[in-house]
Amino acid sequence: MRSQIVGTGSYAPEKVVTNADLEKIVDTNDQWIVERTGIRERRVIAEGEATSDLAVRACQRALEQAKLDPKDVEAIIVGTVTSDYPFPSLATVLQGKLGNKKAFAFDVSAACAGSIYAMAVGDRFVSSGAVKNALIVGADALTRICDWTDRNTCILFGDGAGAMVLRPTSDARRGIANIRLHADGSYVPILFQPGGGSKDPISERVVREKSHFIKMKGQEVFKVAVRSLEETCREVLEAEKLTPGDVTYVIAHQANKRILDATLSRLGIPAQKCWMNLERYGNTSAASVPMTLDEANRAGWFKPGDTILVMAIGGGLAWGAGIIRW
Ligand code: COA
């Protein structure tokens with residue numbers, strides 16, 4: 001048995017922050033941001049709004065497409081690092097908002113790779129027959145943990161949510177064929193939120209030193225990202241006895257256009273096969289992959305049997321790549 005994606009949904013908050021808006025806050029400019037990242041604008045969560053408010057809308061859209069009543073969902077697995085509360089999980093908050101009592105619900109913490117990790121976990125539950133369906137979500141509001149005075153990071157991130165519904169299929173030509181996950185904890189210091197956790201709990205000092213915001217060594221992340229994504233894409237393609245030429249479409253975490261261009265060019269996959277939306281949303285962390293998948297799906301990109309290569313990398317570092325037969 002395999003698990004098949006039978007519904008997708010996404011949601012981005014209404015407020016748009018353009019590069020021109022950022023020019024007024026930090027020493028940057030539209031040309032620099034577009035050339036170095038490909039990002040033109042991003043969406044930012046409103047005051048009083050929480051990550052679950054974005055996630056619930058994405059879930060409703062995915063469930064509607066899957067024709068699945070929210071009350072009948074059996075598993076809710078959410079990739080996020082910006083839950084509404086430090087605890088409990090965003091998944092349980094979401095379950096409550098969906099009016100569901102049946103599902104078990106938990107979060108997966110793998111930063112920008114959160115949704116590919118969540119997809120891999122959900123796939124195991126569905127393909128093993130443990131549950132009849134699973135709601136897989138990627139949702140983050142990284143702008144809440146961004147230092148809006150740090151031009152190295154605040155230009156990159158945006159908020160959003162994406163969701164997909166998995167159901168079992170006995171058709172061996174369709175569904176999630178394979179997902180390979182990796183992590184390398186020696187890279188924790190190049191992309192993390194140093195303060196506000198158990199190591200250095202929130203305090204006046206933490207806030208004063210701004211260590212509760214994202215810290216990143218951008219160039220190092222860039223280099224490891226391109227190398228790791230290429231390696232893992234090759235690994236999963238080989239495991240499925242495929243070559244890059246067999247890939248119909250690519251759905252990739254939208255971190256930086258240059259990271260994606262470099263990875264695709266190393267793999268020999270034309271950039272046109274990769275759905276891009278980071279010019280409109282920036283890096284939405286765990287939301288990125290399911291939001292991108294939903295846009296491409298609703299635009300009618302995928303036909304039954306298409307081979308879709310999925311990839312993501314984020315803080316940890318944690319990353320993964322997968323093959324979906326649509
Ligand atoms: N606007 C204008 N100038 C900026 C700037 C900004 N927003 N941010 C940095 N600069 C400056 C730097 O200070 C530096 O100036 P200097 O040469 O006078 O010292 C110069 O631009 C080059 O900075 P550098 O850090 O070398 O740029 P870069 O080409 O590596 O691009 C990133 C920076 C962050 C865009 C790039 O490293 C990147 O995208 N890395 C990956 C980050 C990522 O995707 N993280 C999430 C992974 S999930």
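Some ground rules: residues are numbered from 1 along each chain as its sequence is written, and side-chain values use heavy atoms, leaving out hydrogens and water. Since this is a predicted model, local features need pLDDT of at least 70 and side-chain atom pairs count only at pLDDT 80 or more, while totals for chains, interfaces and linings use all residues.

Let's start with helix α4, residues 90–98. Helices here are DSSP runs of H or I with at least four residues, strands are E runs of at least two, and both are numbered from the N terminus. Which residues of α4 are buried? They are L90, A91, V93, L94, Q95 and L98, where buried means under 20% relative accessible area with a 1.4 Å probe, protein chains only. These buried residues pack against α3, β4, β5 and β6, with contact meaning heavy atoms within 4.5 Å. Just after α4, G99 takes a positive phi of about 70°.

Now the pockets. On a 1 Å grid over the protein atoms alone, a pocket is an open set of points where a 1.4 Å probe fits, with protein on both sides within 12 Å along at least five of seven lines; lining residues have an atom within 4 Å of a point.

The largest pocket is lined by 33 residues, with V81, T82, I145, Q193 and G195 nearest its centre.

For the second largest pocket, 25 residues form the lining, and L156, M216, G218, Q219 and N256 are the closest to its centre. Which helix gives the most to that lining? That's α7, with five residues.

Definitions and conventions. Buried < 20%, exposed > 50% of the residue type's maximum accessible area, 1.4 Å probe, protein only.
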